[in-house]
Amino acid sequence: MFYVALAIIPGLLLLVFIYTRDQLHPEPKRQVFRLFILGAAIVLPAGVIERLMMNSRGFTEGGIEGRLITAFFVAGMIEEFLKASIFDRGVYQSHLLRRPVDCIVYAAAIGLGFATVENVMYVTSSGLMTAIVRSVTAVPAHFMFAIIMGYWFSKAKFQGSPKVLAYIIPACVHGIYDTFALSSTIVADLVLVFFLLFLVETSARIMKRVRTATNRATGRYAT
């Protein structure tokens, strides 16, 4: 139970953090929790699909080619496409989206649900060190993939951008992350650290843009 608690805490803290970013018109807690659970529920189908792909005849194991296939077409594409599908069917086509920041909060709930269950699986099988490492790498990474996804869904919803970008861009970012995470070299680990810092900066910029757009929209509604 101690390891399970360690695995759950990072995702819940990040969920509270992103939920409190929208203090003026917070999203319904019930909807946020529902999406968190849906994100958690897709860990199993994602794992099954990934295993089937990795066991297929055309999959190349080992080397840079195998890492790229695993990172982009197995982990990145499958996981981010499933998350985006939940958002698309469960949020985008509903009445829940009134402001750009709503997209970020709901996408983060999905991503953190996924990351939390995945984290529990890794931590309970690998121990304390895995819990510590993943709390500052994999869980925040899924959180930032979700921020990027929510941003592109908000652009599609409120600015008319192609919705497909909300699928493709997070999958590519996830693929880049996993390419270095799957490498077992010091250089790859250093690049991964800098890439995570880049994602932090990108996410902060996105949140600033979304808050600005939300404030403008709120101002319009007030008048």
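Helices here are DSSP runs of at least four residues, numbered from the N terminus. With that in hand, welcome to the tour; please keep in mind that this is a predicted model.

**First stop: F2.** Select F2, and you are in helix α1. Is F2 buried or exposed? Its relative accessibility is 55%, so F2 counts as exposed, the cut-off being over 50%.

**Second stop: the patch around F2.** Together with F2 they make up a nonpolar patch on the surface, and their accessible area comes to about 590 Å². Colour α1 (2–19) and α6 (128–135), the elements that each give two or more residues to this patch. Which of them supplies the largest share? That is α6, with four residues.

Move on to residues 43–54, the twelve residues of α3. From its first C-alpha to its last, this helix reaches 16 Å, close to the 16 Å expected at 1.5 Å a residue.

Next, show the side chains of V43, A46 and E50, the buried residues of α3. Because they cover an arc of only 65° around the axis, they sit on the same side of the helix.

What lies over them? Select α2 (29–41), α4 (63–92) and α5 (100–126): these are among the elements that cover the buried residues of α3.

**Last stop: the other face of α3.** Turn the view to the face that points away from the buried side, and pick out L44 and L52, the exposed residues carried there.

Definitions and conventions:
Residues are numbered from 1 along each chain as its sequence is written. This is a predicted model: local features need pLDDT of at least 70, side-chain atom pairs count only at pLDDT 80 or more; totals for chains, interfaces and linings use all residues. Side-chain values use heavy atoms; hydrogens and water are left out. The expected span of a helix is 1.5 Å times one less than its number of residues. Buried means under 20% relative accessible area, exposed over 50%, partly exposed in between (1.4 Å probe, protein chains only). The arc is that of the directions from the helix axis to the C-beta atoms. Contact means heavy atoms within 4.5 Å. Patches are made of residues with over 30% relative accessible area and no salt bridge: like charges are joined within 9 Å, nonpolar side chains (Val, Leu, Ile, Met, Phe, Trp, Tyr) within 5 Å. Accessible areas come from the Shrake-Rupley method with a 1.4 Å probe; for residues, only the protein chains shown count as cover. A salt bridge is a side-chain nitrogen of Lys or Arg within 4 Å of a carboxyl oxygen of Asp or Glu.
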